[in-house]
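Visitor: Please walk me through this structure, one question at a time.

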4 protein chains.
Amino acid sequence: FPFMILQQIPFTGQKQEFNRPPTRTTRCESSPRDKLQKSTKGPSDFCIKNISQADFGRKEIEMAEQEMPALMNLRKRAGGEKPLAGAKVVGCTHITAQTAVLIETLAALGAQCRWAACNIFSTQNAVAAALVKAGISVFAWRGESEDEFWWCIDHCVGTETWQPNMVLDDGGDLTDWIYKKYPELFKNLKGVVEESITGIYRLYQLSKAGRLSVPAMNVNDSVTKQKFDNLYFCKESVLEGLKRTTDIMFGGKQVVVCGYGEVGKGCCAALKALGAIVYVTEVDPICALQACMDGFRVIKLSEIVRHIDMVITCTGNKNVVMREHLDKMKNGCIVCNMGHSSSEIDLVKTHVFNWDEILFQMVVIIAGRLLNLSCSTVPSFVLSITAATQAMALIELYNAPEGRYNKDVYLLPKKMDEYVASLHLPIFDAHLTELSDDQAKYMGISKHGPFKPNYYRHKLLSHIDKH
Amino acid sequence: FPFMILQQIPFTGQKQEFNRPPTRTTRCESSPRDKLQKSTKGPSDFCIKNISQADFGRKEIEMAEQEMPALMNLRKRAGGEKPLAGAKVVGCTHITAQTAVLIETLAALGAQCRWAACNIFSTQNAVAAALVKAGISVFAWRGESEDEFWWCIDHCVGTETWQPNMVLDDGGDLTDWIYKKYPELFKNLKGVVEESITGIYRLYQLSKAGRLSVPAMNVNDSVTKQKFDNLYFCKESVLEGLKRTTDIMFGGKQVVVCGYGEVGKGCCAALKALGAIVYVTEVDPICALQACMDGFRVIKLSEIVRHIDMVITCTGNKNVVMREHLDKMKNGCIVCNMGHSSSEIDLVKTHVFNWDEILFQMVVIIAGRLLNLSCSTVPSFVLSITAATQAMALIELYNAPEGRYNKDVYLLPKKMDEYVASLHLPIFDAHLTELSDDQAKYMGISKHGPFKPNYYRHKLLSHIDKH
Amino acid sequence: FPFMILQQIPFTGQKQEFNRPPTRTTRCESSPRDKLQKSTKGPSDFCIKNISQADFGRKEIEMAEQEMPALMNLRKRAGGEKPLAGAKVVGCTHITAQTAVLIETLAALGAQCRWAACNIFSTQNAVAAALVKAGISVFAWRGESEDEFWWCIDHCVGTETWQPNMVLDDGGDLTDWIYKKYPELFKNLKGVVEESITGIYRLYQLSKAGRLSVPAMNVNDSVTKQKFDNLYFCKESVLEGLKRTTDIMFGGKQVVVCGYGEVGKGCCAALKALGAIVYVTEVDPICALQACMDGFRVIKLSEIVRHIDMVITCTGNKNVVMREHLDKMKNGCIVCNMGHSSSEIDLVKTHVFNWDEILFQMVVIIAGRLLNLSCSTVPSFVLSITAATQAMALIELYNAPEGRYNKDVYLLPKKMDEYVASLHLPIFDAHLTELSDDQAKYMGISKHGPFKPNYYRHKLLSHIDKH
Amino acid sequence: FPFMILQQIPFTGQKQEFNRPPTRTTRCESSPRDKLQKSTKGPSDFCIKNISQADFGRKEIEMAEQEMPALMNLRKRAGGEKPLAGAKVVGCTHITAQTAVLIETLAALGAQCRWAACNIFSTQNAVAAALVKAGISVFAWRGESEDEFWWCIDHCVGTETWQPNMVLDDGGDLTDWIYKKYPELFKNLKGVVEESITGIYRLYQLSKAGRLSVPAMNVNDSVTKQKFDNLYFCKESVLEGLKRTTDIMFGGKQVVVCGYGEVGKGCCAALKALGAIVYVTEVDPICALQACMDGFRVIKLSEIVRHIDMVITCTGNKNVVMREHLDKMKNGCIVCNMGHSSSEIDLVKTHVFNWDEILFQMVVIIAGRLLNLSCSTVPSFVLSITAATQAMALIELYNAPEGRYNKDVYLLPKKMDEYVASLHLPIFDAHLTELSDDQAKYMGISKHGPFKPNYYRHKLLSHIDKH
């Protein structure tokens with residue numbers, strides 16, 4: 001029963017921590033790269049675990065298509081025009097049924113694609129097989145060694161006869177490899193689309209150093225994706241993650257949420273709705289005032305740490321829960337991390353704990369690693385937003401007229417962000433109202449968006465922060 | 001890491017469906033009942049899987065004690081007095097760490113206990129071992145055959161030298177067995193405490209037929225237990241159950257909840273809080289009006305069935321979702337049952353479905369069996385309420401003066417219900433206000449409860465229904 | 001603009017506090033009773049302020065009809081049958097546009113009506129005029145003296161040629177007067193329908209003393225009315241009442257709600273939704289546990305009184321907020337009472353306060369009188385529920401076969417309660433689901449209600465309390 | 001009882017619509033400006049209604065001080081330093097107890113102030129008197145003629161011996177007047193602080209035209225003020241405004257909210273919490289998707305207009321509710337406007353209505369003018385945020401080193417916005433957490449704010465919109 005198979009896809013932005021090329025090459029006999037592989041139909045140039053699993057993989061892709069109507073819709077809406085005709089995309093992402101829908105959408109829009117995995121554990125082998133059978137050159141299998149990981153990327157980048165003109169990256173490893181081994185490829189590249197915080201950070205570093213060789217699109221920070229990855233996804237997943245790992249009831253429990261950004265706001269709303277008594281810690285007075293107005297007491301963790309049943313960290317900062325807090329917590333207190341940094345809970349200093357004893361003193365879920373990484377799954381809907389945004393970014397970069405983008409890091413234009421959102425509205429049977437000519441003129445905007453007044457907003461924007 | 005081990009304890013009230021004694025006896029060599037078993041300490045009269053697991057079981061019991069402070073508190077508060085001194089309790093319940101805390105609480109209060117399992121799948125063997133080592137005669141193991149199930153009950157009921165004076169039953173099988181095989185035991189019995197709806201129904205049938213031989217206490221319908229089993233537990237578990245089996249996001253999803261009783265109210269509140277758009281179906285105009293005022297549109301299922309993303313049945317009635325509804329649902333629509341009856345979804349007529357095809361047409365979770373049975377776990381807190389209520393019922397029946405209870409089915413006196421609630425308040429660090437003499441007089445009640453005005457309430461009560 | 005005229009109708013159950021007949025009779029020249037009054041059409045037997053206002057009053061009644069579709073619907077549904085044909089109803093209620101719709105509904109169903117006011121301040125003179133013009137004998141005007149109040153009741157009760165066979169009372173003054181002055185009328189009376197808590201209390205006292213001479217129907221405690229008068233009405237009115245009298249923002253404010261019954265539950269839900277941080281005080285552990293599970297900390301008032309911004313009493317008890325609490329509150333703390341008793345706040349002992357000083361020390365809204373009496377209005381919807389229930393009660397008592405009702409106090413039969421609810425569903429465009437024969441049989445109930453299983457409920461009902 | 005006096009202060013941003021200087025001068029005998037006025041203490045140069053009301057006005061100011069602890073706190077924190085020493089502030093705002101607290105705070109910080117009213121109706125005469133007695137030259141009274149309005153501004157601007165170096169304006173009339181009559185004053189002006197949308201729009205026009213002569217601070221768009229004026233204030237006021245003008249119950253009512261910006265989000269949240277069934281109309285797909293995820297169906301108004309009970313416009317656009325919508329609404333449907341534009345409801349075309357008939361066909365509250373202008377009041381807390389922001393803006397502009405601000409329109413620096421927020425935290429007994437040096441370094445920000453990561457945010461900000 002396929003819906004029961006929980007897709008333990010690592011949350012975007014969480015990945016293995018090697019990002020230097022391997023220094024030595026070990027060969028292991030059983031590696032797929034040592035096998036001769038043939039696909040009856042499809043490319044000869046690939047390396048996966050087992051082509052015979054393709055039919056099962058195809059079923060999984062078909063199921064994922066059901067859950068990603070936005071991409072399917074995009075195929076229909078833009079498909080006739082082949083906006084990616086001539087594009088040669090090399091990609092490096094998790095290889096799952098959902099990304100397969102993305103890859104096949106790119107292909108349907110005209111692109112040729114070659115793909116490697118951005119994570120050694122997350123490849124769904126059957127899906128990889130189905131992609132190969134459908135003509136995509138895939139180099140990936142579940143359980144690659146570090147050495148194999150780079151080998152796959154290296155073989156994926158291109159051949160003498162096929163050189164990419166677009167890069168779709170998640171984590172920056174592919175981009176890095178090209179920088180290091182094939183810098184000459186950049187002269188053909190129209191752009192890089194990057195998904196992860198880590199990869200974007202690297203791109204900004206390159207840009208700052210004047211070493212960015214192509215336009216890059218920061219997909220992670222698009223408005224739509226941000227809201228869904230942070231506020232909405234966390235609001236829905238925090239309860240399930242905690243329930244799945246403990247059998248706690250939330251009603252009446254005293255919970256501290258550290259940080260009242262989008263993630264914290266989502267967690268607080270969900271916990272409050274189920275009857276938890278939620279306290280907030282904040283360093284920023286504006287966020288603190290918002291927490292007050294939303295009905296949460298703002299306290300310091302140390303003031304209340306002895307009485308609480310749960311702490312959830314959502315700050316992105318480090319050492320938010322310290323050893324001295326852990327020491328004071330009552331028996332069975334749950335500590336978990338929803339933030340993007342794995343250092344929010346001070347587990348370095350916690351190593352002195354005798355873990356057998358901790359058990360009866362407190363519960364630090366999954367050794368302080370991300371709760372939503374370890375205990376939760378990413379819903380198709382979030383993946384659908386991300387994938388549609390990636391597709392739009394590729395289309396935009398590939399089709400942009402000369403001069404629109406320089407060698408810098410860009411956000412998706414507002415209008416395309418709006419387009420991604422509009423692709424998801426039919427799922428909710430939501431009907432947009434259209435502006436009349438008269439109204440559009442009154443607001444000083446185009447009828448078809450982007451839908452912000454052009455009034456004096458441009459001046460304001462540089463001051464507006466996320467609150 | 002023990003909290004990760006999800007306790008797949010069948011929800012109380014859900015059990016295997018054989019309740020007739022076996023007609024033939026099959027012997028299988030590997031059955032624990034064919035082994036000679038010895039406990040160095042503890043009774044010689046028991047039959048479990050493996051006594052050597054006792055230490056691990058003891059750890060599990062100790063952990064459960066952490067989560068059931070109400071029972072631990074009861075040991076402290078009532079313990080000195082041994083209110084169950086002289087009680088000989090024969091019990092038949094799920095045998096888990098949580099029931100072990102109950103059994104050992106009874107023992108601490110002075111009772112001698114013998115125990116069998118009410119379910120062939122739910123026994124935690126290590127816990128059974130720990131109980132035996134602690135001196136309880138347990139006859140139970142995971143995976144009993146039907147024949148073994150009755151063998152265990154039979155051996156548990158008593159010996160020539162030990163005859164029970166109290167029965168604690170969950171499902172009515174033990175009570176049935178005594179009725180059928182050892183009716184003479186009733187002359188010593190001070191009472192039966194029954195936990196399940198099924199068991200209570202049987203007791204009322206006996207009472208109606210004039211065949212009930214002892215006072216019986218209906219634990220299932222105590223106010224505290226009802227609220228927790230229905231409203232609060234379902235409010236918390238519906239989201240998790242659905243998330244765990246599908247990866248649905250609730251935000252923006254259109255959901256029909258059939259029935260707006262306590263279970264429906266809990267489901268609706270939780271779904272609304274996470275951003276689902278919830279519709280209600282009702283037959284009772286009073287409940288329907290409540291749904292309106294609480295912000296839910298009241299519709300007939302057939303009016304909206306083509307547009308919805310999910311149906312959740314909470315009626316206790318049968319055939320609420322019919323084949324003609326299933327036929328009209330859109331692709332991927334989720335149907336699940338939170339009610340007490342497994343016939344809410346008309347799966348009899350659904351057998352003609354080709355299940356492979358259904359997959360892409362709709363998802364009937366776990367073949368229409370209870371969602372919270374199959375996909376969720378019962379939190380310790382709910383179990384704690386139930387167990388404390390069972391303990392109080394035993395104490396009440398055992399200590400009641402002659403004549404307080406006749407051969408009928410009773411509810412726990414209001415005051416004891418209040419006592420169970422008060423045992424759980426320290427978990428929430430909740431502080432009760434005490435009435436002044438003056439205030440108690442003004443309200444016409446005792447300072448120490450029961451806390452309903454004695455005004456003209458007695459006249460009203462026979463009219464008040466649950467809304 | 002009529003909707004702007006706030007209808008300062010005293011909340012049902014709150015009334016002037018004289019309930020003894022006047023001992024002396026003062027005449028004041030300008031009293032309507034000293035005027036000769038004529039209605040061109042309509043009865044000659046009436047006494048109101050000014051018949052010439054009838055047209056304006058008629059407009060107000062027509063507007064109220066818009067807001068009370070349930071009664072209008074009742075006219076349509078039952079009207080053809082004239083279920084009150086032959087009924088002679090003497091009534092004593094607030095005389096407002098809404099009660100006029102009730103009275104004219106009774107008339108439309110066949111009754112002859114005579115009416116007096118139950119409150120010296122609440123009569124809408126124009127409405128009284130319109131009723132007279134429509135043929136109802138009304139004896140009431142705004143601003144009656146105590147003496148005039150009893151004079152009106154006395155003249156309303158009947159004449160030599162017209163004697164009532166039904167009484168509709170709100171407060172018990174009319175019933176009292178008949179007991180004292182016209183006890184012989186009881187032999188014709190088919191029953192008394194009473195609306196207020198005070199009146200019902202008197203009826204139960206009579207019943208207890210064996211002195212109740214007719215069947216009486218307790219309208220106040222019908223399920224539908226209870227829920228609407230307490231939970232839903234208070235949930236909606238608490239915010240408005242406080243906003244209208246102070247300009248407080250609720251977000252972030254710390255509020256104590258004393259009592260977690262229906263009124264308290266409504267207040268807590270509304271305040272929490274607007275971002276207040278709500279604490280609860282309770283004496284009953286079951287209600288306290290519910291408050292915990294619903295997300296409210298349960299504390300004693302004295303623990304937190306120094307820190308809070310607001311206290312709202314909803315207990316029905318007295319002296320809930322004491323002088324020693326008031327002394328400790330911080331500057332500007334708001335204290336208000338939503339309960340049915342005006343003694344929840346200990347203002348007797350507060351008289352020593354210098355009120356000028358209080359102003360800067362704390363705010364006791366409207367000197368501790370009921371917040372919703374003084375600062376809020378009763379919505380038409382609540383009045384509609386009450387009026388429809390009163391009409392159904394009259395119909396039931398008038399048409400009941402001999403022997404159904406004895407000389408006792410009764411609640412409206414469940415089925416009629418359901419009928420009142422069903423009359424209000426069209427307002428919400430709510431569509432009831434109808435049970436199939438099969439389902440009704442499975443549940444053991446009639447297809448047309450009452451919708452509670454007849455299973456073993458009758459045994460349970462005497463134990464179920466309101467939680 | 002002062003809290004009962006509802007402060008009908010026009011909502012900021014709503015004002016009388018003359019903004020051209022008067023073309024002719026009418027004298028009316030009874031005008032305060034024709035009286036000789038003397039203050040025993042305080043300035044000789046003022047013009048108000050009646051100096052003898054000063055004591056009553058002082059009491060009102062003292063009460064307002066209780067409600068504006070942030071300004072009082074600012075006096076304490078910054079007072080010793082006299083950051084406005086030497087500042088000569090000419091102000092033009094509503095003159096109320098709350099602005100008096102602001103003006104006296106400026107004075108306490110060292111400024112000399114002269115003040116006129118920005119609205120002919122809103123001046124509290126007693127407060128003006130108290131200000132004069134305290135030494136502020138005030139030129140304002142309730143009920144000025146248009147001519148007197150400009151006369152007051154003209155006399156306020158300065159004298160031969162006193163010339164302003166700072167302007168605090170609300171609506172832009174004062175700034176306009178100086179531009180037109182005293183342009184030479186600009187050479188001494190250090191800056192203009194403007195509060196209203198209208199005034200800011202004028203400043204941006206000047207800036208665009210290259211005619212802005214001084215730095216200007218846009219107070220209206222500071223993050224803190226925006227959130228409070230829009231999201232939080234509207235969330236709290238929408239219910240009260242509707243309840244106060246109609247006696248509607250929200251439970252079960254079907255409501256369309258047009259626009260899902262901050263105002264719409266606030267309205268939707270409040271209505272949903274009270275049990276309304278809320279639909280949203282949107283033109284922007286991103287906002288529409290947010291509405292979906294938050295649990296609101298997104299529809300077009302025309303699809304549902306026949307069935308709804310209420311429409312609330314929050315778009316800022318015009319003609320959102322058109323005559324053709326009004327025609328289709330059901331009897332009693334309420335239409336109201338929470339947006340900043342008074343043209344959201346198409347009442348121009350509605351003039352053909354016979355208003356007597358409308359009454360029974362639909363209710364357009366207060367002829368389509370702003371609901372919260374007409375029926376609600378601005379809470380002290382919102383005023384406190386605004387006033388504190390104005391004070392900070394004056395301090396910043398007055399003390400900024402040469403070159404920090406050019407002749408342009410600026411937003412308050414993020415850090416000062418945070419300071420304003422922090423001034424309000426003590427009201428909620430909220431305790432900020434302080435970053436450790438280590439954490440600040442990890443985040444790349446200062447320990448004392450501003451609290452946004454300096455990472456790559458500067459690049460992002462120009463793309464982030466308000467969602």
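Guide: This is a predicted model. We can start with how two of the chains are related.

Visitor: What relation holds between chain B and chain C?
Guide: Chain B can be laid on chain C with an RMSD of 0.1 Å.

Visitor: Which strands stand at the edges of the open sheet in chain D?
Guide: The open sheet of chain D has seven strands with parallel pairing, in the order E3-E2-E1-E4-E5-E6-E13. Each edge strand has a single partner strand, so one side of it is left without a neighbour in the sheet. The edge strands of chain D are E3 (137–139) and E13 (409–411).

Visitor: What is the average twist from one strand to the next there?
Guide: The order in question is E3-E2-E1-E4-E5-E6-E13 of chain D. From one strand to the next, the twist averages 20°.

Visitor: Which residue is the bridge partner of Met217(D) in E13(D)?
Guide: Strand E6 (residues 216–218) of chain D runs parallel to E13(D), and three bridges join them. In E13(D), the partner of Met217(D) is Tyr410(D).

Visitor: At about what angle does the direction of helix H5 of chain D stand to that of E2(D)?
Guide: Helix H3 (residues 97–108) of chain D lies across strands E1 (88–93) and E2 (112–117), running at about 160° to E2(D). Helix H5 (residues 146–157) of chain D packs on the sheet and touches E1, E2 and E3 of chain D. The direction of H5 makes with that of E2(D) an angle of about 170°.

Visitor: In chain A, which residue in E5(A) stands opposite Leu168(A)?
Guide: Chain A has an open sheet of seven strands in the order E3-E2-E1-E4-E5-E6-E13, with parallel pairing. Four bridges join strand E4 (residues 166–169) to strand E5 (residues 191–194) of chain A. Opposite Leu168(A) stands Val193(A).

Visitor: At about what angle does helix H6 of chain A run to E4(A)?
Guide: Helix H6 (residues 173–181) of chain A lies across E1, E2, E4 and E5 of chain A. Relative to E4(A), H6 runs at about 135°.

Visitor: Which element gives the most to the side of chain A that touches chain D?
Guide: In this contact, 57 residues of chain A meet 57 residues of chain D. Elements of chain A that each supply at least two residues include helix H8 (223–245), E13 and helix H16 (414–424). By class, this side of chain A has 27 nonpolar, 14 polar and 16 charged residues. The element that gives the most, with seven residues, is H10(A).

Visitor: Is Thr96(A) buried or exposed?
Guide: UniProt, in an unreviewed entry, places the feature "binding site" at positions including Thr96(A) and Glu195(A). Thr96(A) is found in the loop between E1 and helix H3 (97–108) of chain A. Because Thr96(A) has 22 C-beta neighbours inside 10 Å, it counts as buried.

Visitor: How many other C-beta atoms lie within 10 Å for Glu195(A)?
Guide: Glu195(A) is found in the loop between E5 and helix H7 (197–208) of chain A. The cut-off for a buried residue is 20 or more other C-beta atoms within 10 Å. Glu195(A) is buried, and the number of such atoms is 28.

Key
Residues numbered from 1 in each chain as written. Chains lettered and ligands numbered in written order. Predicted model: local features only at pLDDT ≥ 70, side-chain atom pairs only at ≥ 80, totals over all residues. Least-squares fit on C-alpha atoms with pLDDT ≥ 70 in both. Pairing = 2+ DSSP bridges. Axes fitted to C-alpha atoms, helices over the stretch in contact; angles between N-to-C directions. Contact = placed C-beta atoms within 7 Å. Nonpolar A, V, L, I, M, F, W, Y, C, P; charged D, E, K, R; others polar. UniProt positions renumbered as here; feature names shortened; annotations may be inferred. Buried ≥ 20, exposed ≤ 12 C-beta atoms within 10 Å, placed from the backbone.
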